[in-house]
There are 8 protein chains.
Amino acid sequence: MSAQVSIIMGSDSDYNVMRNAASILDEFGIGYELDVVSAHRTPQKMFDFAQNAHKRGIQVIVAGAGGAAHLPGMVASISPLPVIGVPIKSSNSIDGWDSILSILQMPNGIPVATVALNGAKNAGILAASILGSSNLEIQEKVLAYKENLKQQVAQKAENLRNNA
Amino acid sequence: MSAQVSIIMGSDSDYNVMRNAASILDEFGIGYELDVVSAHRTPQKMFDFAQNAHKRGIQVIVAGAGGAAHLPGMVASISPLPVIGVPIKSSNSIDGWDSILSILQMPNGIPVATVALNGAKNAGILAASILGSSNLEIQEKVLAYKENLKQQVAQKAENLRNNA
Amino acid sequence: MSAQVSIIMGSDSDYNVMRNAASILDEFGIGYELDVVSAHRTPQKMFDFAQNAHKRGIQVIVAGAGGAAHLPGMVASISPLPVIGVPIKSSNSIDGWDSILSILQMPNGIPVATVALNGAKNAGILAASILGSSNLEIQEKVLAYKENLKQQVAQKAENLRNNA
Amino acid sequence: MSAQVSIIMGSDSDYNVMRNAASILDEFGIGYELDVVSAHRTPQKMFDFAQNAHKRGIQVIVAGAGGAAHLPGMVASISPLPVIGVPIKSSNSIDGWDSILSILQMPNGIPVATVALNGAKNAGILAASILGSSNLEIQEKVLAYKENLKQQVAQKAENLRNNA
Amino acid sequence: MSAQVSIIMGSDSDYNVMRNAASILDEFGIGYELDVVSAHRTPQKMFDFAQNAHKRGIQVIVAGAGGAAHLPGMVASISPLPVIGVPIKSSNSIDGWDSILSILQMPNGIPVATVALNGAKNAGILAASILGSSNLEIQEKVLAYKENLKQQVAQKAENLRNNA
Amino acid sequence: MSAQVSIIMGSDSDYNVMRNAASILDEFGIGYELDVVSAHRTPQKMFDFAQNAHKRGIQVIVAGAGGAAHLPGMVASISPLPVIGVPIKSSNSIDGWDSILSILQMPNGIPVATVALNGAKNAGILAASILGSSNLEIQEKVLAYKENLKQQVAQKAENLRNNA
Amino acid sequence: MSAQVSIIMGSDSDYNVMRNAASILDEFGIGYELDVVSAHRTPQKMFDFAQNAHKRGIQVIVAGAGGAAHLPGMVASISPLPVIGVPIKSSNSIDGWDSILSILQMPNGIPVATVALNGAKNAGILAASILGSSNLEIQEKVLAYKENLKQQVAQKAENLRNNA
Amino acid sequence: MSAQVSIIMGSDSDYNVMRNAASILDEFGIGYELDVVSAHRTPQKMFDFAQNAHKRGIQVIVAGAGGAAHLPGMVASISPLPVIGVPIKSSNSIDGWDSILSILQMPNGIPVATVALNGAKNAGILAASILGSSNLEIQEKVLAYKENLKQQVAQKAENLRNNA
């Protein structure tokens with residue numbers, strides 16, 4: 001299965017969060033690749049990655065980073081693909097505010113699709129819904145996923161009513 | 001030209017910001033529709049909109065709202081389409097923090113692709129890059145747009161060096 | 001004893017906080033019901049709940065949710081009943097600011113009676129004082145509760161003066 | 001028409017905001033009284049007010065204050081009535097954070113039903129829904145008010161679609 | 001030794017912080033009293049305390065409280081004495097911002113001398129310097145205390161240079 | 001009338017705020033001096049000021065500064081006198097948070113009595129209550145001032161009730 | 001005079017702030033160059049600039065940017081030179097917090113010397129003190145500059161004492 | 001090896017963070033000294049240190065402090081050397097915001113080169129790049145350090161791709 005989504009992160013310490021993007025894509029049966037690409041420590045690699053991802057068949061990029069998180073925005077400045085940014089609450093972060101604002105507040109012309117703090121799972125779901133917007137098979141899976149959420153809540157609600 | 005993008009907003013007073021999403025889609029030659037849909041004042045309309053948008057050929061939803069901004073997240077909870085949320089700094093907003101956090105911090109399972117405060121223009125560009133991820137003609141336009149940004153900066157830089 | 005108060009929450013993981021609303025209503029001898037209703041995962045159930053609660057004899061709704069907490073506001077947009085919102089500090093919350101602002105900063109027309117972060121006990125007391133505003137028996141219990149708080153402080157103050 | 005709601009404020013400079021609570025109660029046909037009661041400048045008057053309001057037939061208190069806003073919480077500590085707090089963004093306020101947190105974050109035992117910054121209109125609507133929870137005539141008016149909001153949005157949406 | 005300073009707190013759970021005010025006053029040989037006085041749970045006791053403290057020979061009041069911390073400001077609104085406010089970071093506090101702003105941002109006319117979050121020790125030193133401003137013996141002790149701080153740093157600096 | 005209070009500020013641009021401390025001391029009939037002393041631009045002058053103020057008969061220091069406001073804390077580190085700090089919201093300040101935190105969050109051993117943002121008037125009143133703690137004549141004036149606040153509110157309340 | 005300092009900014013709209021860095025370098029007689037280099041709009045130009053600045057004789061880089069400000073950090077990731085970052089409070093910025101945190105909170109390995117919001121003048125002075133650390137002539141000018149600040153304060157203080 | 005860099009801190013409890021500045025300077029082979037200098041507890045020592053450091057051959061000062069952190073700014077007000085400020089997240093700090101703002105937001109005329117919260121390692125690297133701006137041997141080491149970061153990321157990326 002060839003990769004449609006590229007999941008990159010600024011540091012291998014981000015993998016513990018970013019793996020949740022991979023897991024949910026596995027669930028949706030969507031191919032992906034995983035790499036460490038640091039805007040600050042490997043700027044040339046980041047540059048090459050962003051210039052070429054769409055030429056390799058990648059359709060969506062998911063990029064996670066913490067602190068002064070420049071990776072999602074820098075990739076978005078170069079690549080024509082939609083870039084989903086995952087702010088990561090790293091150690092010495094200021095409660096995550098730094099990564100949120102560094103990813104969210106991009107200037108006019110260069111959007112990043114930002115999700116919640118540590119929201120890698122949601123980044124994966126968003127990637128699926130983006131692919132699904134032109135692929136009905138994937139869109140059906142997204143709808144089924146939402147239906148399943150509903151069933152889970154129904155079960156939990158019943159447990160609560162019975163046991164509370 | 002049929003609408004591929006639906007631009008909705010919680011109040012007609014948001015139009016002054018949200019029109020920038022429409023303008024940039026005009027520039028890209030992408031069809032869109034515009035509507036006022038309030039999660040709080042017209043919950044049933046919002047519900048119907050979200051359940052049916054993908055059936056009408058809409059591929060991306062752009063939703064702007066201010067204050068305790070529930071529209072993007074509520075639409076995302078129902079629709080299988082990617083939803084781009086635009087936090088709007090309305091009057092009596094607390095510097096925009098309320099709309100940012102109400103849109104960004106969605107729970108696991110229900111992502112919203114959040115852009116910067118008042119970032120409707122970026123929402124339009126992000127919609128284009130999402131459509132472009134499976135449509136090479138649009139992707140080319142996104143690349144051309146980025147190339148154009150570069151030219152503009154080059155011109156401004158020359159002006160600055162000559163006149164400063 | 002039929003339920004006068006409905007205590008709902010966005011996730012069963014909120015029960016650990018929301019049980020404090022139930023406990024204090026038990027103390028006041030006020031009937032209540034408990035359920036999991038998610039604005040995002042079960043939007044139709046939320047919709048039905050909000051449209052019908054007042055028809056079933058419910059007089060006050062207490063709704064707790066974390067993160068981008070839309071449940072209290074969405075219920076308030078549909079139901080004519082007073083809705084008390086309890087912001088919950090969930091994991092990956094940004095210190096609770098997200099749930100506070102998502103519940104508190106409702107637009108004109110749709111109020112939510114917001115209490116402190118994790119303040120489910122206070123939500124229960126507020127429900128009692130709302131019922132008590134047209135029911136002297138309950139109002140007497142609220143006054144007695146406040147008198148009791150005073151006694152407890154007096155005892156603790158004496159302990160402190162004796163032992164410090 | 002005797003007063004069911006008491007609207008108090010910490011300073012006459014708050015009247016510009018708090019008048020919106022009065023206006024909406026006029027619309028609902030609910031009687032109210034208006035007064036300046038300062039927790040800090042007239043503590044004895046505040047004390048007397050809070051001890052006696054429920055004895056005079058008042059059923060709901062709406063209290064607005066800015067900065068380190070102690071009025072709503074102090075009144076709630078004494079009166080058995082539900083107290084709705086309106087944080088006011090006064091001059092030299094720190095963007096309203098001070099009044100929000102001073103009103104919202106009450107300790108266990110003493111709830112204040114907090115509404116949005118400068119949200120006096122919503123305070124009036126909340127007062128109506130509280131009265132309506134035991135008075136079907138008022139509850140009908142609250143439902144009609146919500147229906148009316150829907151109509152207004154429908155009209156504005158049509159204008160936007162026609163003119164945008 | 002009769003009490004010149006009155007140390008009060010909103011809850012006995014604040015004692016763990018507030019005891020540091022008592023300890024440093026012991027070090028300075030200044031008499032004090034300790035009590036639990038809650039603005040919210042014992043408003044009448046607070047009222048009586050504030051009206052009478054200066055008549056009993058108290059010269060400085062130190063008041064600690066957490067959350068929506070009204071005790072220091074309410075006492076300052078009634079008593080002519082200088083009131084030192086200690087914001088306490090209680091559980092469910094929002095990182096202490098609520099208690100800081102509730103104590104610091106008092107309106108014109110009613111100052112509270114606010115110290116750092118959990119800064120009870122500094123409150124005791126400030127009380128000493130206030131008493132010392134008209135009592136040379138105490139002022140000498142304050143100067144000696146500062147001299148002692150200098151010595152301690154000199155010792156620690158030497159240890160660091162020798163062992164680092 | 002010799003100066004009992006020294007009012008200093010980091011820049012002459014702070015005078016517009018700090019004059020309110022002077023005005024209220026005039027009202028209380030308390031002597032004061034005014035000076036510009038910058039911790040950053042005139043560190044030696046600041047040093048000399050702080051070492052000698054108490055020797056010249058000064059009993060209370062009021063120090064205002066904006067941004068990274070070091071003046072109150074630096075003076076408090078040297079002088080045995082109580083130092084009242086006034087955070088000033090200067091241009092390029094971050095909403096005043098910088099000056100508040102730079103003055104309030106002093107380390108153990110070196111308290112600053114912090115008042116509200118731009119709260120120079122309250123700094124003057126606090127200085128009066130500090131002097132009044134050992135001078136009954138001044139304490140009487142403080143009590144009269146509070147009584148006067150009450151009268152003013154009574155008048156404004158009557159106006160509001162008559163005209164609203 | 002050849003350029004020792006390179007002043008770059010993300011947008012020509014930043015020039016109004018960044019010109020203050022140029023002015024103070026003029027005052028110190030230090031050569032500089034000015035350019036617009038956008039991390040997001042001209043990533044390749046930024047890359048080339050950062051790789052070559054030190055080869056052209058530049059010794060210090062001053063980089064200003066607003067919002068999600070990636071320019072200073074990206075340049076610092078490539079260049080061996082000290083990079084001084086100036087956070088700029090642009091329109092739609094969130095009070096400047098976004099640019100401050102995006103510049104300040106760089107990960108280990110890639111420092112940016114951050115100055116205050118809009119602090120371009122201080123960036124120029126810092127550049128001078130960096131050059132002065134190995135050039136006594138410039139260091140003398142920095143000392144003279146500080147001496148001059150002292151004189152200015154002395155003059156302003158005298159004016160205040162005479163005219164207040 | 002004589003000291004080119006002086007690493008000072010406000011308290012010996014800051015050493016756990018500040019040692020990282022020393023370690024990285026060891027790695028670069030740059031001489032340094034370490035001392036405890038408190039702006040608040042040893043103001044005269046701080047004064048003497050700042051007046052003399054450049055006369056002793058020191059070229060860069062690294063100063064760490066927490067809370068209302070005045071040490072870096074006070075030293076910068078006196079010394080002509082570049083001062084790198086390290087905000088330290090101490091106990092009772094408000095998430096580090098107090099130390100960040102107290103160091104960063106210096107007034108015009110007195111810059112401090114601020115690095116990230118607890119960013120002592122980056123302070124050391126910045127000191128090296130400052131020395132390197134006029135010393136090609138050190139500049140080469142800084143370039144080699146950046147090259148090494150790149151290698152480390154390459155290794156970690158390979159591990160991730162192989163094992164994820």
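Visitor: What do the side chains of Glu33(B) and Arg56(B) meet in?
Guide: In this predicted model, the side chains of Glu33(B) and Arg56(B) meet in a salt bridge with an N to O distance of 2.9 Å, where a salt bridge is a side-chain nitrogen of Lys or Arg within 4 Å of a carboxyl oxygen of Asp or Glu. Glu33(B) sits in strand β2 (residues 32-36) of chain B, while Arg56(B) belongs to the loop between α2 (43-52) and β3 (60-66), so the pair links distant parts of the chain, 23 residues apart; helices (H or I, at least four residues) and strands (E, at least two) are DSSP runs, numbered from the N terminus.

Visitor: What about chain F, what do Arg56(F) and Glu33(F) do?
Guide: The side chains of Arg56(F) and Glu33(F) form a salt bridge, at 2.9 Å from N to O. Arg56(F) lies in the loop between α2 (43-52) and β3 (60-66) of chain F and Glu33(F) in strand β2 (residues 32-36), so the bridge ties together parts that are 23 residues apart in sequence.

Visitor: How far apart are Glu147(C) and Lys150(C) in helix α6?
Guide: They are 3 residues apart in helix α6 (residues 136-163) of chain C, and therefore separated by about one helical turn. Glu147(C) forms a salt bridge with Lys150(C), with the closest N and O atoms 3.0 Å apart; Glu147(C) is partly exposed at 34%, and Lys150(C) is partly exposed at 33%.

Visitor: How many salt bridges over all chains?
Guide: The structure holds 39 of them over all chains. There is also a network of salt bridges that links Asp35(A), Lys45(A) and Arg161(H).

Visitor: Switching topic: how many salt bridges does the rule find between chain H and chain G?
Guide: Across that interface the rule finds 0 salt bridges, but it finds 18 residue pairs in polar contact, both residues being at pLDDT 80 or more. A polar contact is a pair of N or O atoms within 3.5 Å; within protein, one must be able to donate a hydrogen and the other to accept it, and residues adjacent in sequence count only if both atoms are side-chain atoms.

Visitor: How much area do chain H and chain G bury?
Guide: They bury about 3,400 Å² between them, 62% of it on carbon and sulfur atoms, buried area being the accessible area (1.4 Å probe) that two parts lose on being put together, summed over both. Pro80(H), Pro111(H) and Lys146(H) supply 16% of the area that chain H buries against chain G, more than any other three residues.

Visitor: And how many residues does the contact take?
Guide: The contact, meaning heavy atoms within 4.5 Å, takes 40 residues from chain H and 40 residues from chain G.

Definitions and conventions: Residues numbered from 1 in each chain as written. Chains lettered and ligands numbered in written order. Predicted model: local features only at pLDDT ≥ 70, side-chain atom pairs only at ≥ 80, totals over all residues. Heavy atoms only, no water. Buried < 20%, exposed > 50% of the residue type's maximum accessible area, 1.4 Å probe, protein only.
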